[in-house]
Every structure is written in structure tokens, then in C-alpha cells.
Amino acid sequence: LAQAATALAALEHAENEAKQAGDDTRRIEQEPIWDWASRQLSAATDRLLSPADRIERAIAPWSAYVILPLFAFSATGVDLRVDLTSPGAQAILLGVILGLVIGKPLGISLASYLAVQSRIGRIPEDVSARSFIGAACLCGVGDTVALLMADQAFPEGPDAAVAKIGVLIGSVLAAGLGAAVLATGPSTPS
């Protein structure tokens, strides 16, 4: 607490000096004292965490980016031993992948375009076309509904496994395409 109080007092002192000198107090954020005080406050906050909070912060990335995706993958019930040589398997796989990577973004973009043209909807001022298309591509990431539809469309036989593999492959491709579109262009309207 003393370390936090010292950092806050130093910031207050620097702000008062800026006021007395007639400087803009908003410039204090650009001074070295601001960086020093924020590091001091951050260090003091870290020491005040309970052991349970420290453990939670340490495992949160592992939980979010490793354990949860593995759980979701295992919950899908995908049989990785699929036979792509069976009749129609390649068509099912390609159809699901193209539906997620091309069909969903195209449908979302076209429906949005028609809504804007018919004045049902409007484009937000701070959204560029590239940002919208990138977000539409990210919509191709399959979810549990896509996996449920695969089960409903192919209730028996190996075709359900092929469709589920297609959902997983299509989701990865849609995520990569959406991320690439968003990363390669300006995020502000042109």
C-alpha cells in the first residue's frame, strides 16, 4: 500500500507542478513519471493478489487456448478414421468446406448489401468494407450448430464423420481467411 501511495503522490506532485507552470496537465501521461508510477502501481497490485488469483491468472491462457479447444474437439465426437474413398465422401467434404469458407461470408455480405440498399439497415461510419468482409469471413467458423446439422443430415454411416471433419477444416480455413483479410488492410473507412 505504501508503494501505491508513493506512486500516486508522485503523480499528484507532477500534476500540481504542471498546473503551476501553466502547462497542459494532459501532457503528464507523456512524462517519464507516468511510466514509473504505472509500473509501481502494477507491481503493488500484483503483490496484493491472493494465491488463488495468481494461479487463475497463470493458467488462464492454457485454459482458454489449449484445454477448452481440446474439450470442444473431443465433445464433437469426430471419428478421425474417415474413409475419403467412399462414394460421395469427397463431395461432402468439399461441400461443407466451401459452404463455410465461401457460402457463409457471401450470404452475409449479400444480405447486408441488400439491407443497406433497401434502407432497412445502414453501414456504421467507422466500419470499412474490408473490415466487414473480414468479419463476414470469420462467420464461417463452424460452431455446435454446424456439427449438429452434420449429425442431422447424415444420421447413420461414415458420412457424418466426413461432414464433421469438413466443419473443422472449413472453420480453420475461414478463421485464417478472416484474420488475413482483417490484418492486411486498414481498419478505418477509406
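A crossing of two helices is called left-handed if the near helix is turned anticlockwise from the far one by less than a right angle, and right-handed if clockwise. With that in hand, welcome to this predicted model, where helix H5 passes helix H7 in a left-handed crossing.

**H5 against H7**

- Helix H5 spans residues 129-138, and its axis lies 7 Å from that of H7, at an angle of about 165 degrees.
- Angles over 145 degrees count as roughly antiparallel, so H5 and H7 are roughly antiparallel to each other.
- On the H5 side, the meeting residues are Arg130, Ser131, Ile133, Gly134, Ala135, Cys137 and Leu138.
- On the H7 side, they are Ala174, Ala175, Leu177, Gly178, Ala179, Val181, Leu182 and Thr184.
- Sorted by class, this contact of H5 with H7 has ten nonpolar, four polar and one charged residues.

**H4 against H7**

- The crossing of H4 past H7 is right-handed.
- From H4, the contact draws on Ala89, Ile92, Leu93, Val96, Ile97, Leu100 and Val101.
- From H7, the residues taking part include Asp159, Val162, Ala163, Ile165, Gly166 and Val167, and also Ser171, Leu173, Ala174 and Leu177.
- In this contact of H4 with H7, 15 residues are nonpolar, three are polar and one is charged.

**H6 against H7**

- Helix H6, residues 144-153, packs with H7 at an angle of about 160 degrees, and their axes are 8 Å apart.
- H6 and H7 are therefore roughly antiparallel to each other.
- H6 passes H7 in a right-handed crossing.
- Ala146, Leu147, Ala150 and Asp151 of H6 touch Ala160, Ala163, Lys164 and Val167 of H7.
- The contact of H6 with H7 is made up of six nonpolar residues, no polar ones and two charged ones.

**The largest pocket**

- The volume of the largest pocket is about 340 Å³.
- Its lining has 16 residues, and Ala72, Thr76, Gly142, Leu147 and Leu168 lie nearest its centre.
- Helix H3 (51-75), H6 and H7 each give at least two residues to this lining, and the largest share, five residues, comes from H7.
- By class, the lining of the largest pocket holds nine nonpolar, four polar and three charged residues.

**The second largest pocket**

- The second largest pocket has a volume of about 270 Å³.
- It is lined by 13 residues, and those closest to its centre are Ser112, Tyr113, Val116, Ile123 and Phe132.
- H4 and H5 are the elements that give two or more residues to this lining, and H4 supplies the largest share, five residues.
- The lining of the second largest pocket divides into eight nonpolar, four polar and one charged residues.

**A look at H1**

- Ala10 sits in helix H1, which covers residues 2-21.
- Apart from neighbours within four places in sequence, Ala10 is in contact with Ile33 and Trp36.
- From Ala10 to Gly185 there are 175 residues in sequence and 42 Å in space, taken C-alpha to C-alpha.

How values were computed:
Residues are numbered from 1 along each chain as its sequence is written. This is a predicted model: local features need pLDDT of at least 70, side-chain atom pairs count only at pLDDT 80 or more; totals for chains, interfaces and linings use all residues. Side-chain values use heavy atoms; hydrogens and water are left out. Helices (H or I, at least four residues) and strands (E, at least two) are DSSP runs, numbered from the N terminus. Contact means heavy atoms within 4.5 Å. Ala, Val, Leu, Ile, Met, Phe, Trp, Tyr, Cys and Pro count as nonpolar, Asp, Glu, Lys and Arg as charged, and the others, Gly among them, as polar. On a 1 Å grid over the protein atoms alone, a cavity is a set of points where a 1.4 Å probe fits but cannot get out, and a pocket is an open set with protein on both sides within 12 Å along at least five of seven lines; lining residues have an atom within 4 Å of a point. Grid points are joined across faces, edges and corners, and a volume is the space filled by probe spheres set on the points. Axes are lines fitted to C-alpha atoms, for helices over the stretch in contact, and angles run from 0 to 180 degrees between N-to-C directions. Angles under 35 degrees count as roughly parallel, over 145 as roughly antiparallel, 65 to 115 as roughly perpendicular and the rest as oblique.
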